[in-house]
Amino acid sequence: MDDESAEIELLEQNLNKTHQISQRMISVLTNFDSRLVKLEKSILPLYAATQKLNHRSHNIDCALLKIDEVASSHEGIAEEEGLILRGPQPGQLEIYIDTLARLNAAIAFKSSDEDSREKARLIETGAKKLTQLYTKIVAEGSSGSPPIAGLDFTPATFPSALLAPLKPLVAFLRGLPLPSTHPSHPAGQVILATLREAQRGYADMRGTWNRKSIETHAKRVVDRAETLDGVIAGKEFGTWVENLLRIAETEYSLLTDLAPLTTPSILASTYDTLLSPLLTLFTDTLSSLTSIIKRSLHKYTFHALATYSALSASQSRWETLMSRRGEGRRDTNELRDGLNSVRSVCLRTFPEFLADLKLAATAPGKGGELGVSLADFTVSTIQYLDRIPEVQGAVGSALLALGDGNWKMGEGKQVGKAQKVSTIEMTEKVILQHYTFDIVNTTVNSLTTLSRTQRRGAFGSIFLLNNISYIYSRFVLKPTHPALTELITKPTADALTSAFRTAKAGYFDANFSPLMQALSEDREKEKVGSSAWKAATKEKFTRFYDLLEEVGERHRMARVLEEEAGGKKAVAEEAVKLVVPSLQRFIQKQRDKEFSKNPQKYIKLSSEEVETQIRAFYK
């Protein structure tokens, strides 16, 4: 117990000591706190004064920076103004564009009206300088000697060396502020007017250049038209039109790449201006060709038809290109107008050709003599129908427009007043077949009429046979053009076959019937053995051989079927079969009746010799 009391007493003593120490520490801390409060009260005014000084120092620094910036800005504008006024220098286009871009950005982000007006003035000047450069490059690409024009014409492309600097320039011009994109930009209206003027200049230069590039070819087409075959001349004109369309397509693609203003309406107006010189050249060239055709419609019929065919083939492509000129020009179509003009000429050719064939029946041959050779209109008919398949589409289309049968002028038909027919039945092929029939029928009638005007009927029969056979062989037996078989229908072939047979029968009747009549027996006067009978028989032989000599002389003068080797051989066979058997029977009969003591005096040629002589007529 004593030990425990002693420990408790010791603890109490330690606790008292600790309490005393704590009291002394509290006293010290309280003293420090009072001193800190006094120090804070002393320092606080000094701190407030220092804060005000720092704020004033910051304001002074900001003012100095602003002053430096304004001074620097005025120096920059002066420098940029000099750069812009000089214009883009070689190799410095990018620097020039960057300068204008900075000025444009400055207008967008700074609010000073005076500063913006100054920068807008510089941007206007810069835009004008750049459009001048644009115009200069375009002019350089649209000058010099045009490419050599020919049938293998290739449009001259814009030089690639000029496209390299032009494309970035166009890209920047397209990004310039315009009223439609930057309504509040002070330079928008001036820039728009400048770009419009530059774009019009582009269209004028490219249009003039392209006209120059194909103008020589156009003159060549017109100059050669009178000397070339009609179909070839028409195809050459068609090639020229195709070249013009190729140029128009190429230029539209180039315009979409190089036009500074690309709104649809402005682009369409520019394209219309660009095409104007080309379309004027097209109209002038077609007008010149039409004038040549109208001077001699008969001579230049196939010029008209081939030209019509060429224009018809290009119509769809033409309309597609011309639609790019804008809504305001949709009713204007130079090719359609030209097509109508040429078609009206073509419509005249059909009745006039038939009228010429009819008129040929009243025209005598040279010196008033018909002769037996091929008539000019026979050859022209063959040539005409031979050429029809080459322009069949154009002929069929024009005939449909004319109307079935309206080519028969003066026969109750009115040109231009189409008959009411079913569109399913009356196709181009059918109406061509009808027209071909009328041509063939009119030609045959004119030849028949003309052969009857010959003073010597035998020569007229040879003339008719030569001409009808020529037509018959080339249209029915061996058509000169494969497509003619579609045009020569059964009625046409039957009409030609009948005409050929009639002509051949007329030929035999006029040339060999007198021979047969000379060998005929007059039963009323003949009395075998009498002197009269003998005299008559001798007279028959004499007359037969005289007529044979006359026929031979006629065939030496007038060649039969000179153009038809196969037909000539067939006619020779028929002539032999017609004459020789009758002569053989007559000779045998009269020899048996002893009409003369010296028969050889009157039988000058044997039947074999007569056959040889007849065959010689056709060699």
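Lys-504 counts as buried, at 16% relative accessibility; buried means under 20% relative accessible area, exposed over 50%, and partly exposed in between (1.4 Å probe, protein chains only). Its salt-bridge partner is Glu-574, at 2.8 Å from N to O, where a salt bridge is a side-chain nitrogen of Lys or Arg within 4 Å of a carboxyl oxygen of Asp or Glu. Lys-504 sits in helix H15 (residues 490-511) and Glu-574 in helix H18 (residues 565-592), so the pair ties together parts 70 residues apart in sequence. Glu-574 is partly exposed, at 31%.

Keep in mind that this is a predicted model: local features need pLDDT of at least 70, side-chain atom pairs count only at pLDDT 80 or more, and totals for chains, interfaces and linings use all residues. Residues are numbered from 1 along each chain as its sequence is written, and side-chain values use heavy atoms, leaving out hydrogens and water.

The count comes to 16 salt bridges. Here are three of them:

| Salt bridge | N to O distance |
|---|---|
| Lys-504 and Glu-574 | 2.8 Å |
| Glu-236 and Arg-224 | 3.0 Å |
| Glu-226 and Arg-295 | 3.1 Å |

How buried or exposed are the other residues in the table? Glu-236 is buried, with a relative accessible area of 4%, while Arg-224 is partly exposed at 27%. Glu-226 is partly exposed at 40%, and Arg-295 is exposed at 56%.

On to the helices, which are DSSP runs (H or I, at least four residues) numbered from the N terminus, with strands being E runs of at least two. The protein chain has 19 helices and 0 strands. Helix H6 (residues 230-258) packs against helix H7 (residues 264-295) at about 170 degrees, with their axes 10 Å apart; axes are lines fitted to C-alpha atoms, for helices over the stretch in contact, and angles run from 0 to 180 degrees between N-to-C directions.

As for the whole chain, 43% of its 619 residues count as buried.
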